[in-house]
Amino acid sequence: MKKKEAVCRLLLFFVIVCLLTGCWDRQEIEDKAYVIGLGLDRSKDEGKIKVTMLLANPEVGSMQGGGGSTEKPREIVSFDANDFIAAKATGNSVISRDISYELLKIIVVSEEYAKDKEFIRKFYDILKDKDIRLDCHLAISKEKASEYFINNQPKMETRPHKYFQFMINHGIENGFIPDSTLFRFFKTLERGTDFFLAMYTTAAMEKNPQIKSEDEYMAGQLDATGELDATQFIGSAVFRNGMMIDKLTGQETRNINILDDSTNIHDILVDIPDPFSDDQLQFAARVMKTESNKVEMDLKGQRPKIFITIPLKIEIISNPSMVNYTEKKNQQIVKKQIAAHIKTLNEKLLKKTQTKFKGVPYPLSMYARKYFGTIQEYKKFNWGKSYQKADIHVKVDVEIVDYGKRIKKPRTVGA
Amino acid sequence: MKQQPGKIGIREYLSIAILMVGSKVTEDTPTALFQKAQNAAWMIPIITAAFTFIPLFLLIKTMSLYQNKNLFSVIQKLLGKYLGFFVCLLIFIINVFSISFDSRTYTTIIRTFYFNRTPIVIIYAILMGVCAYGAKKGIQHIGSVAYLIIYYAVLLLYLAFVLCTQDSSIQSLFPIWGPGKLELLKQSSLNLSLFSEFFLFALIIPSIASYKDFRKGTWIALVYISIQLSVGIIIFICLFDASLKGIGYPFHTAIRFISIGTFFPNIEILFFVIWLMAALIRFTAFLYINALMFGQLFKIKNFEFLIPALATIYLLIGSIPESPYDLSLQLKPILRSVIGPTFLVVSITLWLVALLKGEFKHEKKRGSM
């Protein structure tokens, strides 16, 4: 009797094991083609889009000790389609494996298509798709997305998923590009009070670019030469209600990132005009933002007043005018200079958003909410309108944590 | 403490209660509340819990007169044979729909987020099959399993919440009163169904080791669950802000979004497994209580044998709605608006009848003797 029972139980186990395969959702890694980057362009056909898929080859670089695969690390395919979800099926007429968006890292939309009214209608499909994760990033390319992926040929990180992951993460840490995840995109869109910044990128360098200060470039303007990949990630595209309206340079994007507490900006390196020199020298500084901004608002009255306090920790790295920072007086001068410099940069930028964009490109409206008791009152206040005529004051709290390693001037010969 | 055979202690009872009611935070309840009260939705569970306190207190008071009897026998005793039968039947029918719709919701979640291609019937059948197997084992087994996984379930839930805070902003909670104070009170009173499961626990009183355990467990569970629900909704509001109104199942959307650093992205499977176990316990307990009701109603002693048949019926009822939209936008709101008032009326009536019949006086006399 006991034997029979044991056999029955064993059989039951075998039956249960069958369930482990996941029934209809059984997936074979061998059988999957993972799309890492998705490009969207306007199609020549009315109402259609051009979809570009960047597929990663999982065999390359995954084996330790460099396995024997000689296959290319990626495959790119572009075609016209109605939307990018059904395109998965169409793509299978070219790609041998089952196409999946599960590991999608970046969606690149060409600037031309992002300025189209049609764009947001097609783009909303992302929320319907079950594969796409909302931590995927949105980027705007200067050229066509299909050309962008082809011209983007990383020399060191040939595996596309690693390349985009590193490029985006370091760009966000430096503050050159905004943290433009789809999650933030749709959140901003649904909130309907602020604008959204998407990262700006290109793989086509401008002809005869100007030489500018370290962060004033747009993507494609940096004249980098050597043996390298032409792709540049710097600057951002401004979206109003899901439509691109303008661009911001790397410097402006950085300032917005400093103003925006919801992004994860580490420490950034900047050049600041040196107050001790007459011939426009600049010293380098490391700016660290460890605390949140303080925002206070006075929303009663005709013109709302907004006071923003930015606490910054600064480390002075270079000293081109050879000033002696051990003197208290010099310390005060440099402190004032940094505060004034950052203050004017920010106020100028916010003025630009008020007059040119007519909206704020980061969630500043969130701070206004606590001054209202109910949603009705808040809606009546109409943030979008009120912001344009608001009086904005920026104050920078500078704390200099380090004045550099060297104190003394080098001795000049013959003096 | 020695355990009596076939009975559950306070910790098992608490685990079942938390898994049954507390898991509401992981399905579509936050969204439903957000649509009603926008960013003040997190207050509703707390206000509703305060509202629920009154009928629940009256019910517990009435039940204390008849220790070791369950809700249905008390109803039949107090309201008479015929009226009592109809009231019990009503409660049973409401619960049939409640368990069917809820299990369908869970099936939809599993299918939408994890098993896209598997037919819904198969997932549903496996879910109900497992629950029926568990329910047939009896309340003591359910209690032990619930106690086994309760710590994992609660810990992982809070881990998910903590990870969610990385991308959220507390300002989303403002304007603090949302649609207005009056509206909040109104919505809270309309959402009494949030804690209606507590009334069902009065059915398993005879299986709980002592009446004191039941009373104490119920209050602890009510306070804890209202807080957990409230915290969950706060987290979701801070994370999703206004887009929460369009997200059907915020918990599952959130766990697909969060990651532990850059090295561990896509960690939803960790939460999914435990969530699934919690869901199984929830329906197992639900199924058991339903079978108990049915047995009590039609005087069937070995009601455990009914469980597979009942599970099949629930599966069939749950399969009727064509799309999840019908379910969460049309059918569930109707059910929710019925459940709350029903339990309110039933418990107050029971207490009134007991009072009029002078049962409380008898009790006192008995106590003094």
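Of the 369 residues of chain B, 49% count as buried, where buried means that 20 or more other C-beta atoms, placed from the backbone, lie within 10 Å of a residue's own, exposed means 12 or fewer, and partly exposed is in between. The structure is a predicted model, in which local features need pLDDT of at least 70 and side-chain atom pairs count only at pLDDT 80 or more, while totals for chains, interfaces and linings use all residues. Residues are numbered from 1 along each chain as its sequence is written, and chains are lettered from A and ligands numbered from 1 in the order in which they are written.

Chain B contains 15 helices and zero strands; here helices (H or I, at least four residues) and strands (E, at least two) are DSSP runs, numbered from the N terminus. Its radius of gyration is 21 Å, close to the 21 Å that the globule rule gives for 369 residues, so chain B is as compact as a globular protein of that length. For this comparison the radius is taken over C-alpha atoms, and the rule is 2.2 Å times the number of residues to the power 0.38. Along the principal axes, the C-alpha atoms of chain B fill a box of roughly 70 × 45 × 45 Å. Among contacts in chain B with a separation of 6 or more, 82% join residues 24 or more positions apart, a contact being a pair of residues whose C-beta atoms, placed from the backbone, lie within 7 Å.

Chain A has twelve helices and 14 strands. Its C-alpha trace spans about 95 × 65 × 65 Å along its principal axes, and 37% of its 415 residues count as buried. Residues 24 or more positions apart make up 72% of the contacts in chain A with a separation of 6 or more.

Where the two chains meet, 26 residues of chain A are in contact with 25 residues of chain B. On the chain A side, helix 7 (182–191), helix 10 (365–368) and helix 11 (375–381) each supply at least two residues. Helix 7 of chain A gives the most, with five residues. By class, the chain A side divides into ten nonpolar, six polar and ten charged residues; Ala, Val, Leu, Ile, Met, Phe, Trp, Tyr, Cys and Pro count as nonpolar, Asp, Glu, Lys and Arg as charged, and the others, Gly among them, as polar.

Helix 10 of chain B (residues 211–240) is paired with helix 1 (residues 10–22): their axes come within 9 Å and cross at roughly 35°. Eleven nonpolar, three polar and two charged residues make up the contact. Helix 10 of chain B also holds B:Ile237, which counts as buried because it has 25 C-beta neighbours inside 10 Å. Leaving aside residues up to four places away in sequence, B:Ile237 touches B:Asn39, B:Ala41, B:Trp42, B:Ser172, B:Leu173 and B:Leu244.

A few loop residues complete the picture. The peptide bond from B:Phe174 to B:Pro175 is cis, with omega near -5°, and B:Pro175 lies in the loop between helix 7 (139–164) and helix 8 (181–190) of chain B. Although not a glycine, A:Asn241 has a positive phi of about 45°; with 13 C-beta neighbours inside 10 Å, A:Asn241 counts as partly exposed. B:Lys299, also not a glycine, has a positive phi of about 55°, and its 7 C-beta neighbours inside 10 Å make B:Lys299 exposed.

Key
Axes are lines fitted to C-alpha atoms, for helices over the stretch in contact, and angles run from 0 to 180 degrees between N-to-C directions.
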